[in-house]
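Visitor: I have a model open and would like to learn how to read it. Could you take me through it feature by feature?

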Amino acid sequence: MDFDELFERRSTHSAKWDRMEESYGISKDEGLPMHVAEMDFRPPKEIQNKLRELNQHGFYGYFADFTEYENSIKWWMKTRHNWDIGKSKIFATHGLVNGMALCVDAFTKPEDEIIMFTPMYHAFFNVLNATDRKIKEFPLLLEDGKYRMDFAKYKKQLSGKETMLIFCSPHNPGGRVWSPSELNEVADFCKENELLLVSDEIHHDLIMPGSTHTVMPIAAPQINDHLIMLTANTKTFNIAGIHTGNVIISNTKLATIFERKMKSLGLGPNALGIHLATAGYSEGAANWLDSLLTYLAENFRIFNSGIDKIPGCKAMPAEGTYLAWVDFSGTGMSREEFTSRIEKSAKITTVHGSEMGKGGETYMRFNIATPKSRVIEAVERMQKAFKDLQ
Ligand SMILES: Cc1ncc(COP(=O)(O)O)c(C=O)c1O
C-alpha cells in the first residue's frame with residue numbers, strides 16, 4: 001500500500017471533504033480538512049476485494065448467520081489484544097455512537113448522571129445533550145504534558161445520582177493509551193460507586209510504537225459483570241461509512257436488557273457493514289495495519305515537531321489514535337484569535353476543543369491520517385499563520 005498517494009475526495013458526498021464551506025466557511029478548493037476522524041487512505045485489499053465479490057454476485061439482501069463475523073472478531077481480539085471474548089454476547093450496532101446511545105437508553109433513566117472524563121469525544125456530548133440524562137464532567141488532570149485521572153478529587157464530587165461512566169480508551173482527543181494500573185483505578189472507581197462502565201475502545205488498534213493498549217477486561221477483570229465493551233474496526237481500516245460496531249457484554253442479565261432494547265427499536269444488521277468488517281478481521285488486513293502504524297507515527301513526528309516550533313503551541317505526545325491534540329494557551333491569544341488564524345489564515349478545519357467539555361477550551365484537534373505531503377503542508381500553513389510569534 002502506498003500511503004503517499006493523493007486521492008481526490010471532493011465532490012463524493014464526503015463529510016470530511018465536502019462540508020468545509022458549510023461548517024467552517026472555507027472553500028473546498030483551498031481548505032485542508034483535519035476535523036473528521038477518518039483517514040485519506042484506501043482500506044486494505046481484503047476489504048476492497050470483498051466489496052468487489054459482493055458486487056459481482058449482485059445481491060444485497062438481508063444478512064443471516066453471524067458465526068463467521070463473531071469468529072473473526074474473536075480471532076482478532078485474541079491475536080491482537082490477547083482477549084478471549086469467550087461466551088460474551090456480541091451485538092452489531094449501527095456504529096459506536098449508536099452503541100453508546102443504546103447503552104444510555106437501555107441502562108440509565110431520566111435524571112441519572114453520566115460521568116465522562118473531559119475533554120471527551122464531542123459526539124458523546126451531542127448524544128447526551130439530546131437525552132434527559134445529566135452529564136457529569138470530571139476534568140482530566142495534566143501532569144508532565146499528559147492526561148491523568150484524579151480519583152481522590154472525583155470521589156468528593158459524587159452526588160449519588162451517577163449510574164454510568166463512559167470511558168474512552170485510547171483517549172480521544174488526547175491520544176492517551178491508559179496503563180493497566182490506570183484502567184484498574186477506573187474499574188475500581190466504578191465498582192465502589194456502582195457505576196456501569198462503558199468502555200469505548202474504537203481506537204484500540206491505532207497504537208503508536210512504544211505504547212501498548214490493554215483492553216479493559218484484561219486489565220481489570222473484576223469489572224466484567226458491570227462492563228460494556230464498545231469495539232469496531234471502522235477506524236482501524238477507514239470504513240467508518242459502513243456504520244458497524246460491536247457492543248460486547250459478558251454479563252447475561254445486561255446482555256438480555258440490551259438485546260431487548262435493540263428489538264424494541266427494530267434494529268437489525270447492515271449486511272454490507274458485516275461483510276466488510278468481517279473481511280477486515282483478517283491476517284492480510286493486520287499486515288496492512290502494521291504498515292499504517294509506522295506511517296502514522298512518522299506523520300505524528302512531522303506534525304507535532306512542526307507545531308511545537310511555533311512559540312506557545314504544544315502538541316500532546318502521541319500514544320495512540322491519529323488525532324493530534326494541540327494546546328494554544330501558551331500563545332496568550334483568545335480562542336477567537338487562534339481559531340481565526342487556523343481557519344481564516346491556514347484554512348485548516350479542526351475539531352474545536354471547546355466542544356469537548358471542561359479542559360478542552362484552549363485546544364484544537366487535528367487529524368494527521370492523510371498522506372505525508374499534506375501533513376507537511378499543514379505544518380507550513382500553521383507556521384505561516386502564526387508567523388509573527390516566531
Ligand atoms: C471514541 C470514539 N467513539 C466512537 C466514534 C464513532 O463511532 P461510529 O462511527 O462507529 O459511530 C469515534 C469517531 O471518531 C470515536 O472517536
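Guide: Gladly. Let us begin with contacts: two residues are in contact if their C-beta atoms, placed from the backbone, lie within 7 Å. Keep in mind that this is a predicted model.

Visitor: Which residues does Ala324 touch, leaving out those up to four places away in sequence?

Guide: Ala324 touches Phe300, Phe303 and Asn304, and also Ala315, Ala318, Phe366 and Ile368. Ala324 is also one of the residues with the most contacts inside the largest nonpolar core, alongside Leu197, Val198, Phe303 and Val326.

Visitor: How many residues does that largest nonpolar core have, and which element gives the most to it?

Guide: The core has 106 residues. The top contributor is α11, with seven residues.

Visitor: And why does this core lie between the domains?

Guide: Domain 1 (20-44 + 286-389) and domain 2 (49-284) both give residues to the core, so it lies between them.

Visitor: How should I read the shell around the ligand?

Guide: Start with who is there, then look at class. The ligand has 14 residues around it, and those that come nearest are Ala37, Gly95, Leu96, Val97 and Asn172. Helix α4 (residues 96-107) gives the most to this shell, with three residues. Sorted by class, the shell has eight nonpolar residues, five polar and one charged.

Visitor: Finally, how compact is the protein as a whole?

Guide: The protein has 13 helices and 15 strands. Its radius of gyration is 21 Å, close to the 21 Å that the globule rule gives for 390 residues, so the protein is as compact as a globular protein of that length. Along its principal axes, the C-alpha trace spans about 60 × 60 × 40 Å. Buried residues make up 45% of the 390. Among contacts with a separation of 6 or more, 74% are between residues 24 or more positions apart.

Definitions and conventions. Residues numbered from 1 in each chain as written. Predicted model: local features only at pLDDT ≥ 70, side-chain atom pairs only at ≥ 80, totals over all residues. Core = buried A, V, L, I, M, F, W, Y, C linked by C-beta atoms within 7 Å. Buried ≥ 20, exposed ≤ 12 C-beta atoms within 10 Å, placed from the backbone. Helix = DSSP H or I, 4+ residues; strand = E, 2+ residues; numbered from the N terminus. Domains from an automatic or database assignment. Near = placed C-beta within 6 Å. Nonpolar A, V, L, I, M, F, W, Y, C, P; charged D, E, K, R; others polar. Rg over C-alpha atoms; globule rule 2.2 N^0.38 Å.
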